[in-house]
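Please open the model in a viewer and keep the selection panel at hand.

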Amino acid sequence: MAMMDPAASPTSWRCSGERRGCQEPTWKTAEPYSSTLGPQVAALGSAVGVDLFPWQRAVMDDWMAVTEDYRYVHRRCGLAVPRQNGKTALVECRILAGVVAMGETILYTAHDYSTVTKLFDRLKEFFGERANDPDARHPELNALVRSVRKGTGKEAIFFKNGSAVYLSTRTKSAKRGYTVDVVIYDEAQALTDEHQKAIASTATTSRRPQFIFLGTPPGPEYPNSTFADMRAKARAGEATEALSWSEWSADEVGDVSDRERWWRLNPTMGYLIDESTILDLRNMFKEDLSFAQECLGYWLPSGSAVERVIPEAAWEAARREPPEPEPADVECLAVKFPPDGSAGAVAAAVRRADGSVFAEIPGDWAVFDATAGIPEVASWLAARGRTAAQIVVDGKAHSVDMADRLRTARVPGPCIVEPAPGDVAAACSMLVAGIAEGAVSHGGQPGLDAAVARAEKRPIGSAGGFGYRCEGDPAAEAVCEALALAAWAARTTKRNPRRKARVG
């Protein structure tokens, strides 16, 4: 196993008179190999307009290293690089090569649904919107397509050579029941053992399996990250057989305004991003630690954790199996948009006959892309408008549009609730109390667990009210507040459309 010392090889990162980010990782480990398909993969990418930079080509060489019988030298591949540095281009090239040239079935998974949809849209740019698509940008690739499946949460492309690419968010039962050759874990910082167990079994019978992990250093909200554990073992020289790992990482938070560090730790600077890009990100983050993690690749020492607004012990104690529906149930729904308007989240809650509340996030719409998903989510909510007691809609970015769509769909006026800031604060504090007191339970969904683990208090007003803040992850904030609003509605509403009105 060859390893590169972080302090070794101070390679210049000026190229052809123009400054470039450093192409050498700060730390790397890989098995020795003599043959790789990396150059062929890079050439295929270039043919469709995806040109890999030197650092990306080196990573791809490691991923595609093969033995004499064309099995992968590295069955596990890890890449940790700061955000906006081009991980997606590597994913695109790996999928292209896998399905076009190698006949592989590939499963791509990500933590957020918006990430899944962005990659699916990108793949459709390569392969077309459907088989025999006259408008396909690359007719030679479209000719390989058998069908394109576009159902929400079921996105996939199938090819005439028998290969396929499936795209999915991660759940406890993600994609069990069929076999793939390659699993790509994007946003791997949020990957847990539970997720991995549900997914890894899909490739156990492949003749040539490979698991690729890509992400940024996990924040304190992910104390059980498989990605962090994988890295820790690799750096300790443990569990390194058939492993390649490359990272660009800072060894301390340090001076986050030092632009020399920006150039050393962001390999795509000078190619796709420049100092202004990093400066914009610097101004986005309130805390140096968050910026150091996202943009300088800083890894937290083991054992770090956020001050959770909902304690872990209380959250775990509130875990229940989803209850069977009963006639006396009062159902409420909530949709929340974060301030940046990038995504939305839906949650549901049911008040039982004994007054207890069970809350969850629906699998299809836990998190959705606000740009493309609003019409479908509005339709989904409207279909439940006759039986739901309340549908709470909150978030300045798109809440007016969503509420108007529900009214247009003839959802009864009393059903639609647009909460004031004080209502949001009340909902968030009631959720904390309800979980602690046992009045509110949940189903232990991994995506919900991960969001709640990140949630800290966000002040609302000057009277001590609060919402939820998940540093650097507005979608997680939306999930938490949607859950709080749905539970709040279920606990406080007096409306029940399922109850027959009394006459006389």
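Select Arg 282 and Asp 288: their side chains meet in a salt bridge, with N to O at 2.7 Å. The term salt bridge denotes a side-chain nitrogen of Lys or Arg within 4 Å of a carboxyl oxygen of Asp or Glu. Of the two partners, Arg 282 counts as buried at 17% relative accessibility, whereas Asp 288 is partly exposed at 35%. Buried stands for under 20% relative accessible area, exposed for over 50%, and partly exposed for values in between, computed with a 1.4 Å probe on protein chains only.

Two points of provenance apply throughout. The model is predicted, so that local features need pLDDT of at least 70 and side-chain atom pairs count only at pLDDT 80 or more, while totals for chains, interfaces and linings use all residues. Residues are numbered from 1 along each chain as its sequence is written, and side-chain values use heavy atoms, with hydrogens and water left out.

Next, select Arg 352 and Glu 326, a salt bridge whose closest N and O atoms are 3.1 Å apart. This pair links distant parts of the chain, 26 residues apart: Arg 352 lies in the loop between β14 (343-351) and β15 (357-360), and Glu 326 in the loop between α11 (312-317) and β13 (330-336). Helices (H or I, at least four residues) and strands (E, at least two) are DSSP runs numbered from the N terminus. Arg 352 is buried, at 13% relative accessibility; Glu 326 is partly exposed, at 37%.

In total, the structure holds 30 salt bridges.

Move on to Glu 247 and Arg 235, whose side chains form a salt bridge at 3.0 Å, N to O. Here too distant parts of the chain are linked: Glu 247 belongs to strand β12 (residues 243-247) and Arg 235 to helix α7 (residues 226-235), 12 residues apart. Is Glu 247 buried or exposed? Its relative accessibility is 0%, and Glu 247 therefore counts as buried. Arg 235 is partly exposed, with a relative accessible area of 34%.

Remain in helix α7 and select Ala 228, which is partly exposed at 27% relative accessible area. Which residues does Ala 228 touch, not counting those up to four places away in sequence? They are Pro 218 and Trp 299, where contact means heavy atoms within 4.5 Å. Finally, draw a C-alpha to C-alpha distance from Ala 228 to Ala 188: the two are 9.0 Å apart in space and 40 residues apart in sequence.
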